[in-house]
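Work through these exercises with the structure at hand. Each task is followed by a worked solution.

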Amino acid sequence: MTASPLHLAGLLVRARLRSLWNGAFRVPQRRSWRLAWLFLLATPVAYAFLFVTAFEVIVQAAPPAVAAAALAAVCGAIALASLAAKIASTEAIIAGSAENEFLMARPVSLPALVVARSLAGAATDFFDALFLLPALAAAAVVWHLGATGIAVAALTSVIVQIGISALAQLAQVAAVRLVRPARRRLLWTCLMLLSALCMAALWAVATTALRSPRALVLALVPLADGLRASPAGAVVAPLFALKEAGVGAALAALAVLAAATGASLALARMGAARAGRNGWEQAGAPWAEAARQPSSAAATSGPFTPFGKDLRLVLRDRPRLLSLFAVPTIFIGVQIFGGAGWGPGRSSIGTTSALAFSLAAYMATFGPLGHMEAERRAFWILRSVPVSLHRLFAWKAAFWSMIVGGTAALAFVVLVALSRVPVTASVVASGALATGGAVLVSWLAVGLAAGSADLFDDGRSAIGAGTVYLFMLVAGLFNVVLAETGETRARGLLLYVLAVALLWGSGIERAAGAFDPESRVRRTVSAGDGAV
């Protein structure tokens with residue numbers, strides 16, 4: 001007897017919440033998740049307060065219909081970014097996770113699983129609640145809708161989350177059914193790039209709304225009617241109806257939104273039923289689907305040098321190579337040009353060096369920080385060679401320093417040429433400092449990844465979210481060095497170099513226990529912890 005979608009959704013909610021709680025507060029080797037939890041709790045609160053201030057300006061500067069259109073633009077960007085991120089995540093159909101392996105061994109039909117996961121996402125998908133609910137709640141506060149407005153905002157957020165999850169799973173199931181295994185990893189990479197583009201567009205829209213709400217109003221005046229008639233307008237329709245016509249109109253708008261979500265669920269169920277008509281097999285893990293036979297050139301090229309090995313790994317993994325360069329470019333390009341209004345002739349050398357360094361820091365997140373994830377199934381080979389780990393990781397850090405540092409230098413030269421700033425000694429010094437910062441964060445990324453890698457469980461990512469947040473925080477601190485001058489800059493640079501050195505040494509020492517679960521439990525205070 002198969003489980004019903006509602007019963008299965010309840011099981012998924014309990015299992016996921018328990019797993020999150022245990023992973024964040026009960027498992028010693030996953031204590032880095034607490035930083036991620038702190039981020040998840042603090043961000044929506046701060047975002048809600050900021051959007052209250054911005055939306056107050058929008059309401060004062062525009063009629064109610066235009067204010068609703070501005071809210072629709074923000075909520076539509078959030079929903080689109082969430083949909084793209086869910087489609088690119090592939091968590092629903094990729095083999096290897098504990099949840100998927102458990103469900104594959106139970107009499108659960110694919111249509112029931114798709115519906116259950118969509119319903120469970122309303123309580124466990126924190127990404128949607130992280131942005132959508134605070135925006136709607138802030139609008140309810142500004143429009144003085146009281147507790148009823150907050151309740152309508154919460155119901156709207158839940159309904160939208162269910163619809164987004166259903167559409168994302170439908171897209172994932174269709175991708176597995178229609179795309180051959182050899183091409184799937186490239187597809188997931190393209191979807192990841194689309195997700196990055198949507199996230200960057202969301203950042204640009206949100207930045208404009210928070211920093212220049214009046215400019216957003218002026219830009220949306222001719223588009224107000226179209227936005228309110230779009231799917232994004234349906235997201236804000238219940239709140240706007242509550243403001244304009246009362247509770248009855250808000251309930252009617254919620255009913256329309258719920259009907260659209262129900263249609264999405266029915267469509268996802270039909271698609272899953274059709275895909276599983278002749279049997280269903282989950283997509284394999286991306287690393288397995290991307291496996292290729294070694295070429296004859298590789299077989300006859302002789303032994304690899306450390307640089308040659310890493311270069312060959314990057315070049316033959318085309319999806320990773322594409323994401324390495326495309327994702328940072330999308331984030332920096334859309335965020336800076338779209339959100340901050342940067343343009344040729346309107347930036348200082350300090351801004352230019354910060355842009356070049358930021359591009360390199362984003363690249364380091366996708367490159368050297370993920371090196372342990374890329375080598376997790378071959379790391380034992382490095383452990384067995386008669387060379388110290390310090391030397392092996394130093395080769396790897398030097399390799400990535402050439403790529404990341406070279407990208408920072410190239411970006412600085414291009415931005416200076418676009419700005420048409422005279423090349424002086426101070427300009428050269430700023431470029432050298434940005435390039436040096438890129439080299440430092442490359443060594444920082446390798447050291448942090450080596451120290452936090454958890455390789456004894458193949459069902460879990462080697463690099464956790466806490467490590468990513470920690471790296472972005474520490475890497476971002478180098479902007480303080482770029483912003484200062486004189487003695488303060490020298491002292492800040494010296495402190496940063498010392499911190500990177502301590503984190504590097506501690507990380508390499510901990511890398512020796514990457515395959516040992518007991519060593520991950522026996523967490524000791526190190527010099528790197530003191531540096532953080």
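**Exercise 1.** How many residues does helix 5 have, and what distance does helix 5 reach from its first C-alpha to its last?

*Solution.* Note at the start that the model is predicted. Helix 5 covers residues 110–124, which gives 15 residues. From first C-alpha to last, helix 5 reaches 20 Å. Now compare with the expected span. At 1.5 Å a residue, 21 Å is expected, and the value for helix 5 is close to that.

**Exercise 2.** Is helix 5 mostly covered or mostly open, and which of its residues are buried?

*Solution.* Apply the cut-off: buried means under 20% relative accessible area. By that test, 12 of the 15 residues in helix 5 are buried, so the helix is mostly covered. Among them are Leu110, Pro111, Leu113 and Val114. Arg117, Ser118 and Thr124 are also on the list.

**Exercise 3.** Where is Ala408, and is Ala408 buried or exposed?

*Solution.* First, find the element: Ala408 lies in helix 20, residues 389–419. Next, check the cover. Ala408 has a relative accessible area of 0%, so it is buried. Then look for partners beyond four places in sequence. Ala408 contacts Ala356, Ala360, Ala434, Thr435 and Ala438. Finally, take one distance. Val439 is 31 residues from Ala408 along the chain, and their C-alpha atoms are 9.1 Å apart.

**Exercise 4.** How many helices and strands does the chain have, and what share of its residues counts as buried?

*Solution.* Count the elements: 26 helices and zero strands. Then take the burial: 45% of the 532 residues count as buried. Last, take the surface. The accessible surface is about 25500 Å², and carbon and sulfur atoms hold 67% of that.

Technical notes: Residues are numbered from 1 along each chain as its sequence is written. This is a predicted model: local features need pLDDT of at least 70, side-chain atom pairs count only at pLDDT 80 or more; totals for chains, interfaces and linings use all residues. Side-chain values use heavy atoms; hydrogens and water are left out. Helices (H or I, at least four residues) and strands (E, at least two) are DSSP runs, numbered from the N terminus. Buried means under 20% relative accessible area, exposed over 50%, partly exposed in between (1.4 Å probe, protein chains only). Contact means heavy atoms within 4.5 Å. The expected span of a helix is 1.5 Å times one less than its number of residues. Accessible areas come from the Shrake-Rupley method with a 1.4 Å probe; for residues, only the protein chains shown count as cover.
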